[in-house]
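I opened my notebook and looked this structure up piece by piece. Here are my entries.

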Amino acid sequence: MSDTPPQPSSSPPPDPEERHAAANSSLGTNGAGRARVDTETSERASRAWWDADAADYHRTHGEFLGVDSDQGEFVWCPEGLHEGDHHLLGDVAGKDVLEVGCGSAPCARWLAGQGARVVGLDISMQMLSRGLDAMQSGSTTVPLVQAGAESLPFADASFDIACSAFGAVPFVADSARVMREVERVLRPGGIWAFAVNHPIRWIFLDDPGPRGLTATLPYFDRTPYVEVDDDNVPTYVEHHRTIGDRVREIVAAGLEVRDIIEPEWPDWLDREWGQWSPLRGQLFPGTAIFSCRKP
Ligand SMILES: C[S@@+](CC[C@H](N)C(=O)[O-])C[C@H]1O[C@@H](n2cnc3c(N)ncnc32)[C@H](O)[C@@H]1O
């Protein structure tokens with residue numbers, strides 16, 4: 001469907017609070033705040049969170065992402081930007097591609113349908129299992145690997161392209177290490193493109209409505225957002241980097257920045273996705289896609 005934007009789901013998505021209630025209840029989440037969290041703690045929290053939230057995530061976003069379509073879809077972000085229209089990865093036919101934080105792998109399957117040899121990697125078994133279910137009814141399959149993005153289990157120079165649509169990068173403690181790992185597994189001339197929350201979103205409450213229009217938090221405070229259970233064990237973690245931090249991490253890893261895409265909210269889209277909404281999208285960006293190259 002490269003020329004057609006993904007259509008909003010026919011039934012309205014559940015209230016975000018209600019949606020997260022199921023995962024929060026099963027994980028015993030009982031508070032939120034800011035705390036330093038290392039790689040191991042972040043990985044444990046992310047694995048548990050995405051395992052617990054996988055079913056609801058797909059009930060809410062699966063149709064928009066094309067998870068159960070015949071060959072998957074490659075939707076980069078809640079603004080609906082589709083790889084088939086924008087070609088951020090170039091011609092993928094015959095290329096070896098790694099998708100980092102693939103979830104149920106609709107992007108990986110779409111790339112396979114375009115002739116790429118794709119591997120999907122994710123830390124959550126439940127997200128990957130949802131992908132296996134989708135592959136049973138669709139016509140494309142891709143190999144899936146359960147691992148963390150900070151230690152990619154692949155040999156040096158294994159891939160021509162690496163990509164990530166909100167997978168892993170916002171959730172890892174050491175995103176500089178992810179950049180180095182991706183550089184390592186790419187071949188010279190390889191492409192790396194990844195979508196993350198636009199760093200400007202950090203200063204606002206995660207609210208799609210008017211409350212989410214007032215700056216309340218310092219852009220420069222990199223202390224991670226952490227939700228915890230009764231024993232203060234993190235159940236959900238999100239890490240912030242400024243635009244400058246991201247560029248510095250990419251360049252320090254030996255990669256070049258080709259572009260930073262800030263998708264505009266399209267007229268056709270009236271769908272909310274968590275804190276993403278037409279109201280906010282018309283005023284400031286929600287997503288940044290970093291397009292990089294290995295020299
Ligand atoms: C917002 S979902 C995006 C999934 C998929 N790309 C999509 O568009 O639906 C984030 C994904 O990142 C994965 N993830 C979180 N931390 C990770 C880590 N450290 N290593 C690998 N994957 C991770 C989660 O399990 C989850 O599947």
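I began with a rule: two residues are in contact if their C-beta atoms, placed from the backbone, lie within 7 Å. I noted that this is a predicted model, where local features need pLDDT of at least 70, side-chain atom pairs count only at pLDDT 80 or more, and totals for chains, interfaces and linings use all residues. I also noted that residues are numbered from 1 along each chain as its sequence is written.

**Entry: confidence.** I looked up pLDDT, the predictor's confidence in each residue, from 0 to 100. The protein chain averages 93, and 94% of the residues score at least 70. Over residues 1–16, pLDDT stays under 50. Where pLDDT is low, the predicted coordinates should not be read in detail.

**Entry: Gly131.** I found Gly131 in helix H5. Helices (H or I, at least four residues) and strands (E, at least two) are DSSP runs, numbered from the N terminus. Which residues does Gly131 contact, leaving aside neighbours within four places in sequence? They are Ser104, Ala105, Gly120 and Leu144. Gly131 counts as buried because it has 26 C-beta neighbours inside 10 Å. The cut-offs are 20 or more other C-beta atoms within 10 Å for buried, 12 or fewer for exposed, and partly exposed in between.

**Entry: helix H5.** I checked the span of H5, residues 125–137. The expected span is 1.5 Å times one less than the number of residues. Besides Gly131, the buried residues of H5 are Gln126, Met127, Leu128, Arg130 and Ala134. Their cover includes helix H2 (39–65), strand E3 (117–122) and strand E4 (144–146).

**Entry: two alanines.** Ala105 sits in the loop between strand E2 (96–100) and helix H4 (106–113). Its phi is near 70 degrees, a positive value. Ala168 also has a phi near 70 degrees. Ala168 lies in the loop between strand E5 (159–165) and helix H6 (175–185). Most residues other than glycine have a negative phi.

**Entry: the ligand.** I counted 19 residues around the ligand. A residue is near a molecule if its C-beta atom, placed from the backbone, lies within 6 Å of it. Ser46, Trp50, Gly101, Gly103 and Ser124 come nearest. H2 gives the largest share of this shell, four residues.
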